Amino acid sequence: MDSRLKEMTAVLKKYKLTHGLTPEKFRLILQELGPTYIKLGQIMSLHSDILPKEYCEELMKLCSDVEPMPFEQVEAVIDASFGYSWKDVFASIDKKPLGAASIAQVHRATLKTGEQVVVKVTKEGHSRGDVQRIWRCFTRRLSLCRPSLIKGIVVFDMVLDEMWAVAQEEMNFLLEASNIEEFAGNNRDVAFVATPKLYRKYTTSHVLVMEYIKGFNIDDKEGLLKDGYDLEEIGSKLIDNYIRQVIEDGFFHADPHPGNVKIRDGKIVWIDMGMMGRLSEHDKKELSNAVYGIAMNDIGMIEDAVLAIGDFKGEPDRAKLYKDIKIIMNKYGSLDMGQVDVAEFIQELLEVMKNNRIVMPHGFTMLARGITQIEGVLADIAPGINMVGIASARIRQEMLKNFDLKGELKKSREDSLQISSPHGRTAG
């Protein structure tokens, strides 16, 4: 641990924190501290409800490709994880990775049985104790040079356990394997959705083996059109399925960039289940109310949903919150549904929450990221699609499906009896 603290201190000194902390400097420090801190930085970039926008945008750059591990190290990780040589399972593994990210990299391979697969291998990380101690030291250093920023980072300090849990999920491929199985189960009745076949017997906490998907990236417009696909149909099915994941399943893909969404044999194939979002029944209900509020231009409904979902740092000022939401709605309320920039709307709403000291559950920050990426895909392949309209229709359908007629009739009868009863008491 002492050596790691010395390493961290040397990095902080190198970037002269006492001279200020720019967004770029913050990113470079996390990048130099290694894979675990890069992953935490990526998670931080989702929290525009806490960090200033310019820091979130800079930390988003941590999501770019990084220097891959040498192939010898990849072989060592697989062999150690299997307990025997990788050559007992694979006929070959491509030495050049398909991609390398902060905590893992992916190689194309062929099993001895002939199936074409991809192998995902983890990089070395830090322990939870190391991260916590270094993070505490880091925030103390930051407080000396940027008092205004430290307020947000102290709040981050309070949710470090949640951030760490999310990072650990992505670093544990057994959890990702479970995500793939859960997602596949949720979508088994959706004819136009598929997931890669998982090879469970070759999957460990450090190695994930799954089917290689040879298809079109969803933003490959030229290839899709040439192959006879209808881009409007793809876009409509993409957003309908995504809203279903969120509203019905409460378990959704939180990193749906074009490289993670393929089109193959007439189906949307969702790949890379390392970063998934989850919403509780309560959160799904309040999210539905918020979307309805946006669709109906009902400020009070949106405010109630935010109050029901958010975690407050102090007593909420409802008058200020209502006023701030009203400013946003005045901007978007006059627009046709199809003209609303959903991603921009969500970012502005998150900014309102930050200004009102409201912290959203991590599932909602993951959703904000996912919606931003989905909207980017739609704007490219099918810009005429009305995301809010499709979401509202899906929510109405879900509400009707779950409508408790017996319960509603009972409540209605009780209400009518109470109204007609003298002195405001229920008759009985």
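How are H12 and H13 oriented relative to each other? They are roughly antiparallel, a label used for angles over 145 degrees.

## Ground rules

This is a predicted model, so local features need pLDDT of at least 70 and side-chain atom pairs count only at pLDDT 80 or more, while totals for chains, interfaces and linings use all residues. Numbering starts from 1 along each chain as its sequence is written, and side-chain values use heavy atoms, leaving out hydrogens and water.

## The chain as a whole

The chain has 18 helices and 13 strands, taken as DSSP runs numbered from the N terminus (helices are H or I with at least four residues, strands are E with at least two). Of its 428 residues, 49% are buried, meaning under 20% relative accessible area with a 1.4 Å probe and protein chains only; over 50% is exposed, and in between is partly exposed.

Carbon and sulfur atoms hold 52% of an accessible surface of about 20700 Å², computed by the Shrake-Rupley method with a 1.4 Å probe. Among contacts (heavy atoms within 4.5 Å) with a separation of 6 or more, 66% are between residues 24 or more positions apart.

## H12 against H13

Back to the opening pair. Helix H12 covers residues 281–296 and helix H13 covers 299–309; their axes come within 8 Å and cross at roughly 160°. The axes are lines fitted to C-alpha atoms over the stretch in contact, with angles from 0 to 180 degrees between N-to-C directions. The crossing is left-handed, which is to say the near helix is turned anticlockwise from the far one by less than a right angle; clockwise would be right-handed.

On the H12 side the contact includes His282, Leu287, Tyr292 and Ile294, and on the H13 side Met301, Ile302, Ala305 and Ile309 are among the partners. By class it has 9 nonpolar, 3 polar and 3 charged residues. Here Ala, Val, Leu, Ile, Met, Phe, Trp, Tyr, Cys and Pro are nonpolar, Asp, Glu, Lys and Arg are charged, and the others, Gly among them, are polar.

Ile299, Ile302 and Glu303 of H13 are among the residues meeting H14, whose own set includes Arg318, Leu321 and Ile325. The contact has 8 nonpolar, 1 polar and 4 charged residues.

Ile325 sits in helix H14 (residues 318–332) and is buried, at 1% relative accessible area. Leaving aside residues up to four places away in sequence, Ile325 touches Ile299, Ile302, Glu303, Leu349 and Val352. Ile325 and Ile302 are 23 residues apart in sequence, with 7.9 Å between their C-alpha atoms.

## H11 against H16

Helix H11 (residues 231–249) packs with helix H16 (residues 362–381) at about 170°, axes 10 Å apart, so the two are roughly antiparallel. Leu231, Leu238 and Val246 of H11 are among those meeting a set in H16 that includes Leu367, Ile374 and Ile381. The count here is 12 nonpolar, 2 polar and no charged residues.

## Two aspartates with positive phi

Most residues other than glycine have a negative phi. Asp265 has phi near 50° and lies in the loop between strand E9 (261–264) and strand E10 (267–270); at 69% relative accessibility, Asp265 is exposed. Asp272 has phi near 60° and is found in the loop between E10 and strand E11 (276–278). Asp272 is partly exposed, at 26%.

Technical notes:
Parallel < 35°, antiparallel > 145°, perpendicular 65-115°, else oblique.
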